[in-house]
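Take a look at the sequence and the model shown here.

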Amino acid sequence: MSGIFKFDAKKLDGLLAKFGVKNTWLHLLATHLSSKKEFQYILASKEFEKAKILPTNLLGNLSIGEVSILYEYSVAKSNSKSRKSNGQFFTPDDVAGFMASYSNKFGIGIWLDPCSGIGNLSWHLVAAQSDPEEFLLNKIILSDKDELALLIARCLLTLSFQKRHNNLFQKIKNFRA
């Protein structure tokens, strides 16, 4: 977790105070995507119509687990009571990796992550497959009440696993609120 130790929490707090959780995370994602030429097509999506590019890419060099921690912090900071009532509790990175390491012991089928959040467990499950991109497109369904978390998951999974499929972000149809 070297990236998280260098993370500027004061900048995140300032963004949350100024823009709220949803817009802060849209801006963070847009900034992160804009730094990677092959993924700038995602910024043309309707989800990013109002997103701004920030001067600093705060998500650069962070793992999925570290981003998960920051999202959990953002949600808790904005309204800790709604977080509890909505059942938003995140799978720690090491636990997600451990669970995914056993996925090859199960038969072929479709996997469901019914409370996926930003996709930490799903990311590890996809990464453990022989063809992660194909698995992401056809063998896993992510579901969550938090539409923003699903958007973050879709972006992060695209960034991590897009190889052969150009425009993977638009091709992912298996994320449901």
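Let's start with helix 2 (residues 9-34) and helix 7 (residues 147-161), in a model that is predicted. Helices here are DSSP runs of H or I with at least four residues, strands are runs of E with at least two, and both are numbered from the N terminus. Helix 2 and helix 7 pack at an angle of about 10 degrees, and their axes are 11 Å apart. The axes are lines fitted to C-alpha atoms, for helices over the stretch in contact, with angles running from 0 to 180 degrees between N-to-C directions. On that basis helix 2 and helix 7 are roughly parallel to each other; the label covers angles under 35 degrees, while over 145 is roughly antiparallel, 65 to 115 roughly perpendicular and the rest oblique. On the helix 2 side, the contact is made by Val21, Lys22, Trp25, Leu26, Leu29, His32 and Leu33, and on the helix 7 side by Leu148, Leu151, Ile152, Cys155 and Leu159. Contact means heavy atoms within 4.5 Å.

Helix 5 and helix 7 pack at about 20 degrees, with axes 10 Å apart. That angle makes helix 5 roughly parallel to helix 7. Their crossing is right-handed, a label used if the near helix is turned clockwise from the far one by less than a right angle, and left-handed if anticlockwise. Trp123, Val126 and Ala127 of helix 5 make the contact with Leu157, Ser160 and Phe161 of helix 7.

Helix 5 also has helix 4 (residues 93-100) packed against it, at an angle of about 40 degrees and with the axes 8 Å apart. Helix 4 and helix 5 are therefore oblique to each other, and this crossing is right-handed too. The contact is made by Asp93, Ala96, Gly97, Met99 and Ala100 of helix 4 together with Asn120, Leu121, His124 and Leu125 of helix 5.

One more residue of helix 5 deserves a stop: Ser122. Is Ser122 buried or exposed? Ser122 is buried, with a relative accessible area of 1%; buried means under 20%, exposed over 50%, and partly exposed in between (1.4 Å probe, protein chains only). Not counting residues up to four places away in sequence, Ser122 touches Asp113, Ser116, Ile140 and Leu142.

Next come the aromatic rings. How many aromatic pairs does the structure hold? There are four, where rings of Phe, Tyr and Trp (its six-membered ring) pair if their centres lie within 6.5 Å, and planes under 30 degrees apart count as stacked, over 60 as edge-to-face and the rest as tilted. One of them is Trp25 with Tyr71, an edge-to-face pair at 5.5 Å centre to centre and 85 degrees between the planes. This pair links distant parts of the chain, with Trp25 in helix 2 and Tyr71 in helix 3 (residues 64-85), 46 residues apart. Both Trp25 and Tyr71 are buried.

Trp123 and Phe161 form a tilted pair, because their ring centres are 5.5 Å apart and their planes stand at 40 degrees. Phe161 is buried at 7% relative accessible area, whereas Trp123, at 21%, counts as partly exposed.

Finally, have a look at two loops. Asn61 sits in the loop between helix 2 and helix 3, and has a positive phi of about 65 degrees although it is not a glycine. Asn61 is exposed, with a relative accessible area of 75%. Asn167, in the loop between helix 7 and helix 8 (168-171), also has a positive phi, about 60 degrees, and is not a glycine either. At 37% relative accessibility, Asn167 counts as partly exposed.

Conventions:
Residues are numbered from 1 along each chain as its sequence is written. This is a predicted model: local features need pLDDT of at least 70, side-chain atom pairs count only at pLDDT 80 or more; totals for chains, interfaces and linings use all residues. Side-chain values use heavy atoms; hydrogens and water are left out.
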